Amino acid sequence: MQTSRPANILNFFIAGINYKKTDAGTRGNFAINSDQYEHLLSIAPTCKLDSFFVLSTCNRTEIYGFAEDASQLIDLLCTQTTGDKETFSRLAYIKQGDDAIEHLFNVGAGLDSQILGDYEVIGQIKQAVKLSRDRGFINCFLDRLVNSVLQTSKIIKNDTALSGGTVSVSFAAVQYIKEHFEEIAGKKILLVGTGKIGRSTCKNLVDYLGTTDITLINRSEEKAVALAAELGLQHAAMSRLEPCIADADIILTATNAGQPTILSSYVQNKGTKLIIDLSVPYNVDPLVKQLPGISLVNVDDLSRLKDNTLQKREAEAPKAKLIIAEQIIVFMDWYHMRKNAPALRAIKTKLNEISAGQHAAANGAGVCPLVKIEEKIQRVINGIANKMRSHNRQGCHYIEAINEFMNAG
């Protein structure tokens with residue numbers, strides 16, 4: 001589906017919902033898993049869409065792409081969501097052109113994350129774009145834009161302290177545990193889900209709680225086995241989920257299951273437990289919260305934790321925004337030059353035709369060598385390209401280039 005024709009920036013949109021206006025439960029109704037993403041890609045041509053990607057995380061669900069109108073992107077997205085397109089449209093922010101570009105830069109830098117500077121979003125952007133690229137749904141504009149966003153994020157990480165310290169959703173979970181348990185020794189921990197978030201959470205549990213009394217369960221058991229071996233932990237099969245839950249004091253879940261994995265019946269009358277749900281959509285039955293002795297927190301609860309690291313990050317935000325502004329200028333220079341490429345090719349072709357005609361008419365006598373002519377043409381093209389960057393008058397430049405070539409020595 002990928003095309004190489006210059007893209008019109010006014011047809012570039014982002015439509016999305018995030019933590020600012022919706023809670024985790026609502027975001028869960030619009031979360032997109034990998035199977036749903038594949039189906040979106042398969043039906044996109046019928047919606048007349050050929051370049052887009054979907055970013056679905058615990059913070060947000062956003063669709064970026066080229067369309068006649070943002071409603072095309074929303075219609076496609078909501079074919080696979082539990083929530084309907086009317087609700088999504090009512091809650092969504094829609095940005096177009098320059099604003100959509102700036103938004104993606106901010107997201108990639110962690111400036112728009114629920115926990116400021118959370119760097120995990122970069123891996124999520126890479127994965128989302130890869131899925132679309134593998135199926136041919138990333139055009140030249142999106143490819144260049146995403147690469148610019150990734151490069152800018154790297155500059156911000158290296159040149160500022162926006163992602164300094166250790167603050168992420170997975171680390172916030174560990175902080176919460178430390179604040180609510182004076183003594184971790186003797187507490188049994190169960191982690192359900194060993195994907196990207198689960199793996200990060202697991203390492204934080206080991207590093208900052210100093211415990212290895214952790215059991216891992218994952219739907220693909222080999223992932224749990226490998227991580228348990230790497231960190232010296234225990235693992236269990238998914239078929240052992242209910243007894244492992246009953247035995248645990250602290251339970252964390254980080255899966256992409258579409259339905260709750262932890263049911264109220266699993267924890268009812270099973271003693272005091274802390275359950276941390278890092279998943280969107282929720283992986284814990286909401287009825288669990290009503291049970292005596294059970295404390296249930298989710299990603300929105302964790303994001304409210306504040307500490308000195310976050311205050312330091314907030315002080316770095318202006319530096320990050322300045323870097324983004326500089327990198328957007330670089331990207332827009334590339335965009336404008338690419339947009340003018342067809343006109344520049346047409347001018348160069350015409351100048352070559354004029355030169356060839358002059359050479360033939362003179363039969364080679366008194367005419368500059370071909371190498372000199374090529375240099376002359378390139379100087380004219382370079383000059384016109386610079387003027388096109390600041391003036392959108394291609395027809396005038398076409399005539400100007402021919403006159404400049406004819407009058408050049």
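Me: Arg60, Glu62, Tyr64 and Phe66 point one way from strand E3; which residues point the other way?
Reply: Both groups are buried, meaning under 20% relative accessible area with a 1.4 Å probe and protein chains only (exposed is over 50%, partly exposed in between). Strands (E, at least two residues) and helices (H or I, at least four) are DSSP runs numbered from the N terminus. The other side of E3 holds Thr61, Ile63 and Gly65.

Me: What pLDDT do side-chain atom pairs need in order to count?
Reply: Residues are numbered from 1 along each chain as its sequence is written, and side-chain values use heavy atoms, with hydrogens and water left out. This is a predicted model: totals for chains, interfaces and linings use all residues, local features need pLDDT of at least 70, and side-chain atom pairs count only at pLDDT 80 or more.

Me: Why is strand E3 largely enclosed by the rest of the structure?
Reply: E3 spans residues 60–66. It is largely enclosed because the buried residues number seven of the seven.

Me: How many bridges join E2 to E3?
Reply: Strands pair if DSSP finds at least two bridges between them. E2 (residues 52–56) runs antiparallel to E3, and the two form a hairpin with three residues between them. Phe53 has Tyr64 in E3 as its bridge partner. The E2–E3 bridges number five.

Me: Which residue in E3 stands opposite Asn18?
Reply: Strand E1 (residues 12–18) is joined to E3 by seven bridges, in antiparallel sense. Opposite Asn18 stands Arg60.

Me: Which helix gives the most residues to the lining of the largest cavity?
Reply: A cavity is a set of points on a 1 Å grid over the protein atoms alone where a 1.4 Å probe fits but cannot get out; lining residues have an atom within 4 Å of a point. The lining includes Arg60, Ser113 and Asp118. By class it has two nonpolar (Ala, Val, Leu, Ile, Met, Phe, Trp, Tyr, Cys, Pro), four polar (the others, Gly among them) and three charged (Asp, Glu, Lys, Arg) residues. With three residues, the top contributor is H6.

Me: What is the volume of the largest pocket?
Reply: A pocket is an open set of grid points with protein on both sides within 12 Å along at least five of seven lines. Points are joined across faces, edges and corners, and a volume is the space filled by probe spheres set on them. The largest pocket's lining has 21 nonpolar, 25 polar and four charged residues. Its volume is about 1500 Å³.

Me: Which element gives the largest share of the second largest pocket's lining?
Reply: About 330 Å³ of space lies in this pocket. Of its 17 lining residues, the closest to its centre are Asp118, Tyr119, Glu120, Ser168 and Ser200. The largest share, four residues, comes from H9.

Me: Which tryptophan is in contact with Phe141?
Reply: Contact means heavy atoms within 4.5 Å. Leaving aside neighbours within four places in sequence, the partners of Phe141 include Phe12, Phe66 and Ile101. The tryptophan among its partners is Trp334.
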